[in-house]
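Please look over the structure below before reading on.

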Amino acid sequence: MAASLVGGAFLSATLQVVFDRLASQDVVDYLRGKKLNDELINNLKTVLSAVNAVLDDAEDKQITNPNVKQWLDELEDASYDADDLLDEITTDVLQSKLEAGSGTSNSSKSIINFFSSSLNIYDRKTKNKLEKILKRLKFLEERIYVLGLNTGVGEKPLPRPPTTSLIEEAEVFGRDGDKEATIKLLLTDGGGGNKIGVIPIKGMGGVGKTTLAQLVYNHDQVKEHFELKSWVCVSEEFDIYKVTKTILSAVANSESYDNADLDSLQIKLKELLAGKKFLIVLDDVWNENYVKWENMCKPFKNGAQGSKILVTTRNESVAQIMRTVPTQNLEHLKDEYCWKLFQKHVFPNENFTAHPTLEIIGRKIVKKCKGLPLAAKTLGGLLRSTVNVEKWERISESEIWDLSDNESNILPALRLSYHYLPSHLKGCFAFCSIFPKDYRFQKHELVLLWMAENFVQQSKRNKRMEDVGDEYFNELVSRSFFQRSSNEIESCFFMHDLIHDLAKYVSRNYCVTLADGNSEEALMVKVRHLAIRRSTPMARFDSIFEAAYLRTLLPTHTFSFDYISGEVVNHVILKLKCLRILSLSGCRKLKKLPESIGEQKHLRHLDLSGTSIESLPESVCMLYNLQTLKLSSCSNLIELPKDIHHLINLRLLDIRWCGKLEKMPRHVSKLKSLQTLSTFVVGRDNAAKIGELRELQDLHGRLSLLKLNNVSRAKDALEAKLMDKKYLEELDLAWKDDTNDSKHDREVLENLSPHTKLKRLSVYGYGGTTFPNWLGNHSFCNIVFIMLSNCKYCNCLPPLGQLPSLKTLYIEQLSGVVSVGAEFYGSSERKPFASLKFLSFSKMSNWEEWSSIEVEDGEVFPQLQELEIRECHRLMNVDWPRSLPRLTELRIFGKVLVPSLPSTPAIRKVELGECEKLQLQELPQTVEWFTIGGSHGIELFTDILRKSQTRHHLQHLGIHNCSSLVTFPSACLPTTLKELVLYFCEKLEFPMHHSLKTSSIQKVFIINSFGCSGSLKFFPLDFIPSLKDLVIKG
């Protein structure tokens, strides 16, 4: 297979880390202190530089020369060993610094003594290991000349064949919508405010960008609309001279510009395009240099209004520097269109009627294409007019990467994307092959793993590693290596199957996913990164022993480790001494970690979330390289190690949902590297007090402060300096017990005023009678979410209407509030709740009145889309806002005592509880979903239907809690109704011998309604002739 994998994915990353360590003055000084001479270090640097210089050439030649491949494998192994040893040395440097400081307790000193009792022996071993590594590398250096490896040489990948504008439209399927959208953009004279419009079409290699460009380029409307057209296949090298000459030759119908310089070409092109409406297609653009693009565009700017440049690219960064309108993101084809394309290339003049067996196999093959037209076309061409079942089965059962370049165009297309990845992204991408296909991952989680593996380079501009990792991730999304999943609540990403295959290919068997039935354990000696699938049987864990140099061990599912015993963890997994990442998440049988965890010198990422541990051994505090410690959902965890502050590189501590954790250890303020602290439990006496937060100024993301009732003096809350924590985006403030002093709680909350950049705020169990002035102050212009819960002594709401960006507001269990009025909306100088989209009141047990206010300019709640009121059983007097123009959903649960509903021209969904006093003249015509309860409410609804003269669009009807005899309103139901739900309707009565002949009801749910004392004793099946689903429960 002809491939070009310049600068191997893991090898180049590992070598870079080794170089950085050898350049560290701390490491050099340490080795000198251990009587290791400079010559050894300098020789190591020299040899590494020599092998690194020929790495690109070796990566090219390994494909055809097995000796070079073996050389690379040996180099990679030696590099890993060098990295492991230098990492140990770096760790010893950290330990020495810590011991030299003032921070070691007696318990830590005893642990240090335990692990350092053979110091002289350790020094000799270190020297011997370094000498052995140097010897291995010198041997590899000597073979450079034997193998004919050259410095700085790396063949470029075979160039993509040049494209033209010609297309066979009969071979294009499933792109009608994309074609119409692109043509509409081309024919629109506006270009996003620009005279010349630039339209990028972006997608992964092989998805059909060029095909779409060809389709619109040759469309009759497009031909008529533009006076001049030109097609340029740009490909990898963005040569301004070449592109300009190609365009000029097309528009001038001449090829006499071979000897002209760039200046002459651009002047001539500018003259020819002046005042003309033109279309130029730049196919397959890779250039990310804005200056080059600007220089390229100079002759275009004299064209007529409405001229267009259509660009195809794999890279969002390219699209961003060129576009004047939003990028057209080209998605994968649906399987049925892929099948049509495949069929067209297999049997051009017939279908599969005569070959039913081949059709079954063919559809399996098309599934492997995962919506990639190039794959469907390539595999179809490979099987063109072939009826040999064995060949079809071979293709069906093979990985596409097993095919040769002669058989497949897919491989060069996707390898090209990898070839042009910056070197620092190659290891990040290759690492992702550890995940199974279709695995969904989150950005921040993956970045933490990259950091632990040293794939994220330290920024020279003092950027956080997390931010650099974010940039890496975004770049891989931009280049279509990662795709956003549209099915998840949280923002998740995945890799296309063929991109995943590419990752597996370039990771060179260093990444393995262990599962039931696969045979990859034969390679375990070489494996560095291992993921365990849920289906992996216990017996297969024995093979982990062979992976002595394993760096990563991850479960791929929440329950992957559910059945693993503590013995396996202690006697198998913790015997691996090179681990950087260890996740035992979900290992419920793990109740205790041994002290030997402290021997994991290289460990940077430890995930024990969802385990049954009660505490961590103090030796955990010896993991000086640890960056991430996850303990969320450890429901039995009662304490953290008291010397946790020794983890000087810790960047993330996650202790969410650890209900038994009563306090934090003292001195957490010394964790100066900490970027994310999920939870801080305020303690008393010998536990950490809230002032410990003072020094943690770099906290990002979300922080939950629990047990604020333990703040003994209100001024102590000031010491937390929340106002200075400008990177915090979410803040939870929670009191646990009932207050003894409302004034004290009020002062504490006043002193916990956060930075105005905060986006989300939740307050639980607050015991003050009023909220402090900062809560609701318009200076908090970034807040989008607020929850006020169980603040039962508060008798009025803060002026939340003054928060200009607030979108979501939950108010629950504020039992002291009787009336909500002008104080809720705030000053009349600003439009109240200008951005609010969701508002919920819940369990306001004493709330009786809600009054609105008038504003001069517009409405109150102009953006409100959802309003819900739950179990506010005393609320009777409501002065609804004059208009809620965008409200689409209204929910009032429990007893509904309000006499009216708001004016809502856009309402779609109304859910009402037991209505006792509601007066309603008409059901809004826009309502599609309606639920109502209580005998009065059901009778009211029935009366409305009988009297109504308007056409309703109701599709869902729910009736509940019918306690009095009511006849179902069968005669006046809207014909649009499709779903009927009845629950707790024992008194509801259906008319006998009455069929809804015009009804479109297809689903009926009857829940807890057939009681022995009720009248709903039968449901006539012929009542609804179009019924498809009937569910009866209770």
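**Briefing on a predicted model**

Strand S27 (residues 889-896) gives four residues to the lining of the second largest cavity, the largest share from any element. The model is predicted. The points below begin with that cavity and then turn to other parts of the chain.

**The second largest cavity**

- The space in the second largest cavity is about 60 Å³.
- Its lining consists of Ile869, Glu871, Cys872, Leu875, Ile892, Phe893, Lys895, Val896, Leu897 and Val898.
- Sorted by class, eight of these lining residues are nonpolar and two are charged, while no polar residue takes part.

**The largest cavity**

- How many cavities of 30 Å³ or more does a search of the whole structure find? The search finds seven.
- The largest cavity has a volume of about 70 Å³.
- Around the largest cavity lie Phe10, Ala13, Thr14, Val17, Tyr80, Asp83, Glu453, Asn454, Phe455, His529 and Arg551.
- Two helices, H1 (9-22) and H5 (66-100), each contribute at least two residues to this lining.
- Helix H1 contributes the most, with four residues.
- The lining of the largest cavity has five nonpolar residues, three polar residues and three charged residues.

**A sheet of five strands**

- Five strands form an open sheet in the order S2-S3-S4-S1-S5, and their pairing is parallel.
- Which strands are at the edges of this sheet? They are strand S2 (228-235) and strand S5 (328-329), each of which pairs on one side only.
- Strand S1 (residues 196-202) runs parallel to S5, and two bridges join them.
- Within this pair, Ile201 is opposite Gln328 of S5.

**The chain as a whole**

- The protein chain contains 28 helices and 35 strands.
- The chain has 1034 residues, and 54% of them count as buried.
- Among contacts with a separation of 6 or more in the protein chain, 66% are between residues 24 or more positions apart.
- The accessible surface of the chain is about 45,000 Å², and carbon and sulfur atoms account for 48% of this area.

How values were computed: Residues are numbered from 1 along each chain as its sequence is written. This is a predicted model: local features need pLDDT of at least 70, side-chain atom pairs count only at pLDDT 80 or more; totals for chains, interfaces and linings use all residues. Side-chain values use heavy atoms; hydrogens and water are left out. Buried means under 20% relative accessible area, exposed over 50%, partly exposed in between (1.4 Å probe, protein chains only). Contact means heavy atoms within 4.5 Å. Accessible areas come from the Shrake-Rupley method with a 1.4 Å probe; for residues, only the protein chains shown count as cover. Two strands pair if DSSP finds at least two bridges between them. On a 1 Å grid over the protein atoms alone, a cavity is a set of points where a 1.4 Å probe fits but cannot get out, and a pocket is an open set with protein on both sides within 12 Å along at least five of seven lines; lining residues have an atom within 4 Å of a point. Grid points are joined across faces, edges and corners, and a volume is the space filled by probe spheres set on the points. Ala, Val, Leu, Ile, Met, Phe, Trp, Tyr, Cys and Pro count as nonpolar, Asp, Glu, Lys and Arg as charged, and the others, Gly among them, as polar.
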